[in-house]
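Please work through the exercises below with the sequence and the model at hand. Each task is followed by a solution in steps.

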Amino acid sequence: LLQPQLEQALKTLIAAGAITADAFSPLRWLLRPEAQKLRRTRSRARTGDNLPGGLPVGRWSIPVVAAQVSGRQGPLPAARCQQRLAVICQALLRRYGVVFRAVLSREPLLPPWRELLGYLRRMEDRGEVRGGRFVDGFSGEQFALPEALGLLRQAARKGRDPVFVVVNGCDPLNLGGIIVPGAKTPAMPGNRILLENGLPVARFMADELETFPGISSQACREAQRLLVVRRLQFRALGR
């Protein structure tokens with residue numbers, strides 16, 4: 001969607017009580033007059049601010065789930081609790097493929113791990129997920145989608161061509177220094193991290209490119225192309 005379409009869609013869903021944000025900043029942005037938004041966007045373009053020009057930064061969710069996860073409601077009936085846990089566990093499995101306690105470090109709005117663990121065990125009993133030890137170096141139970149296991153085996157094969165992916169600093173997959181080796185990158189909208197086969201090899205932070213030790217020559221070229229050159233292109237377009 002174009003930015004005006006996106007903002008109008010968010011306003012419509014908010015007015016209907018269908019979504020809520022994880023912070024107040026995106027709501028404040030949507031309430032600003034259009035003239036203020038335009039001036040703010042132009043000011044960012046002149047100063048070279050890394051923040052995305054004018055887009056509401058934040059994550060949106062169904063309000064009943066967000067309220068229950070953050071504990072703003074009283075005790076729920078057992079059926080509602082199970083429904084809530086089902087939605088959360090399925091979303092986490094689709095996001096990460098493999099779920100265990102340490103991988104949820106960047107997910108602050110979740111219920112306690114013991115509640116998630118109980119429902120994940122039930123999913124394993126029903127054959128919906130596989131339980132085991134899929135990621136080395138972490139204790140505790142781990143659960144994976146069946147299709148994620150094939151992707152893990154494929155990623156572990158030697159001699160395959162490297163796959164490069166860029167993620168935003170606010171992306172839940174920004175797990176450098178938490179799950180995978182490398183420096184921990186702050187969860188700021190302007191930060192970008194280059195992943196080679198899932199491992200961080202470079203990042204663009206505070207308008208500077210930083211490469212991590214052991215980076216290959218091909219990864220260096222990709223870092224220049226995907227992090228630096230593309231950022232300059234976006235800035236030239238006012239994005």
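The exercises that follow concern a predicted model.

**Exercise 1. The chain as a whole**

Determine how many helices and strands the chain has, and what percentage of its residues is buried.

Solution. 
Step 1. The secondary structure consists of eight helices and nine strands.
Step 2. A residue is called buried when its relative accessible area is under 20%. Of the 239 residues in the chain, 33% are buried.
Step 3. The surface can then be considered. The chain exposes about 14300 Å², and carbon and sulfur atoms supply 56% of that area.

**Exercise 2. The largest pocket**

State the volume of the largest pocket, identify the residues closest to its centre, and find which element supplies the largest share of the lining.

Solution. 
Step 1. The volume of the largest pocket is about 1300 Å³.
Step 2. The pocket is lined by 36 residues, and those closest to its centre are Tyr96, Leu152, Ala155, Asn197 and Gly198.
Step 3. Four elements each supply at least two residues of the lining: helix H5 (78-96), helix H7 (146-156), strand S6 (164-168) and strand S8 (199-205).
Step 4. The largest share comes from H7, with seven residues.
Step 5. By residue class, the lining divides into 25 nonpolar, five polar and six charged residues.

**Exercise 3. Salt bridges**

Give the number of salt bridges in the model. Then describe the pairs Glu115 and Arg84, Arg95 and Glu107, and Arg225 and Glu222.

Solution. 
Step 1. Side chains of opposite charge can pair when their charged atoms come close. The cut-off applied here is a nitrogen-to-oxygen distance within 4 Å. The count comes to six salt bridges.
Step 2. One of them joins the side chains of Glu115 and Arg84, at 2.7 Å from N to O. Glu115 lies in helix H6 (residues 113-125) and Arg84 lies in helix H5, so this pair ties together parts that are 31 residues apart in sequence. Glu115 is partly exposed, at 28% relative accessible area, whereas Arg84 is buried, at 10%.
Step 3. Another joins the side chains of Arg95 and Glu107, at 2.4 Å from N to O. This pair links distant parts of the chain, twelve residues apart: Arg95 is in helix H5, and Glu107 is in the loop between strand S3 (98-99) and H6. Arg95 counts as partly exposed at 37% relative accessibility, while Glu107 counts as buried at 10%.
Step 4. A further salt bridge is formed by the side chains of Arg225 and Glu222, at 2.7 Å from N to O. Both residues belong to helix H8 (residues 217-236); they are three residues apart and therefore separated by about one helical turn. Arg225 is partly exposed, with a relative accessibility of 43%, and Glu222 is buried, with a relative accessible area of 16%.

**Exercise 4. Two cysteines**

Decide whether Cys89 is buried or exposed, and carry out the corresponding analysis for Cys170.

Solution. 
Step 1. Locate Cys89, which lies in helix H5. Its relative accessible area is 2%, so Cys89 is buried.
Step 2. List the contacts of Cys89. Leaving aside residues up to four places away in sequence, Cys89 touches Leu116, Tyr119, Leu120 and Met123. The C-alpha atoms of Cys89 and Leu120 are separated by 7.0 Å, although these residues are 31 residues apart along the chain.
Step 3. Locate Cys170, which is in the loop between S6 and S7. With a relative accessible area of 36%, Cys170 is partly exposed.
Step 4. List the contacts of Cys170. Leaving aside residues up to four places away in sequence, Cys170 touches Ala187, Met188 and Pro189. Cys170 and Met188 are 18 residues apart in sequence, and their C-alpha atoms are 5.7 Å apart in space.

**Exercise 5. The surroundings of Glu196**

Find where Glu196 is placed and which residues Glu196 touches.

Solution. 
Step 1. Glu196 is part of strand S7 (residues 192-196).
Step 2. The relative accessibility of Glu196 is 18%, so this residue counts as buried, given that the cut-off is under 20%.
Step 3. Not counting residues up to four places away in sequence, Glu196 touches Pro162, Val163, Phe164, Val201, Ser216 and Ala219.

Technical notes
Residues are numbered from 1 along each chain as its sequence is written. This is a predicted model: local features need pLDDT of at least 70, side-chain atom pairs count only at pLDDT 80 or more; totals for chains, interfaces and linings use all residues. Side-chain values use heavy atoms; hydrogens and water are left out. Buried means under 20% relative accessible area, exposed over 50%, partly exposed in between (1.4 Å probe, protein chains only). Accessible areas come from the Shrake-Rupley method with a 1.4 Å probe; for residues, only the protein chains shown count as cover. On a 1 Å grid over the protein atoms alone, a cavity is a set of points where a 1.4 Å probe fits but cannot get out, and a pocket is an open set with protein on both sides within 12 Å along at least five of seven lines; lining residues have an atom within 4 Å of a point. Grid points are joined across faces, edges and corners, and a volume is the space filled by probe spheres set on the points. Ala, Val, Leu, Ile, Met, Phe, Trp, Tyr, Cys and Pro count as nonpolar, Asp, Glu, Lys and Arg as charged, and the others, Gly among them, as polar. Contact means heavy atoms within 4.5 Å.
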